[in-house]
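User: Please take one part of this model and examine it closely. A single connected account would be welcome.

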Amino acid sequence: MDRTAPLSQTQRMALLNLIKERDNIVNNKSTAPGIIEAKKRTWEEIVLKFNALNPDQQPRSSKQLKRSYDHVKRKCLS
């Protein structure tokens, strides 16, 4: 897989807004089977909406968006 360009500030804000709408699922620490499935479905929804908002860019995967989100969280906490 080729490296993609880093997210722009606008794209990071769009990602954070998409996650904020689903915060109760994305940041749920439970490992119950129902929650794990809900997280997978939620991240796929986020990926679809994020890629629809950025049609001129190479589509991002859920793994890439999760990594970007984790990076943003780490930066905010430090």
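Analyst: The buried residues of helix 1 are Gln 11, Ala 14, Leu 15, Leu 18 and Ile 19; buried means under 20% relative accessible area, exposed over 50% and partly exposed in between, with a 1.4 Å probe and protein chains only. Around the axis they cover an arc of only 135 degrees, which puts them on the same side of helix 1; the arc is that of the directions from the helix axis to the C-beta atoms. Helices are DSSP runs of H or I with at least four residues, numbered from the N terminus. The model is predicted: local features need pLDDT of at least 70, side-chain atom pairs count only at pLDDT 80 or more, and totals for chains, interfaces and linings use all residues. Residues are numbered from 1 along each chain as its sequence is written, and side-chain values use heavy atoms, without hydrogens and water.

On the other side of helix 1, Thr 10 and Lys 20 are exposed. The cover over its buried residues includes helix 2, helix 3 and helix 4, where contact means heavy atoms within 4.5 Å.

Leu 15, Leu 18 and Ile 19 also belong to the largest nonpolar core, which has 11 residues; such a core is a set of buried Ala, Val, Leu, Ile, Met, Phe, Trp, Tyr and Cys residues joined through side-chain atoms within 4.5 Å. Helix 1 (9-20), helix 3 (33-53) and helix 4 (62-77) each give two or more residues to this core, and helix 3 gives the most, with four. Leu 7, another core member, is in contact with Arg 12 and Leu 15, among other residues beyond four places in sequence.
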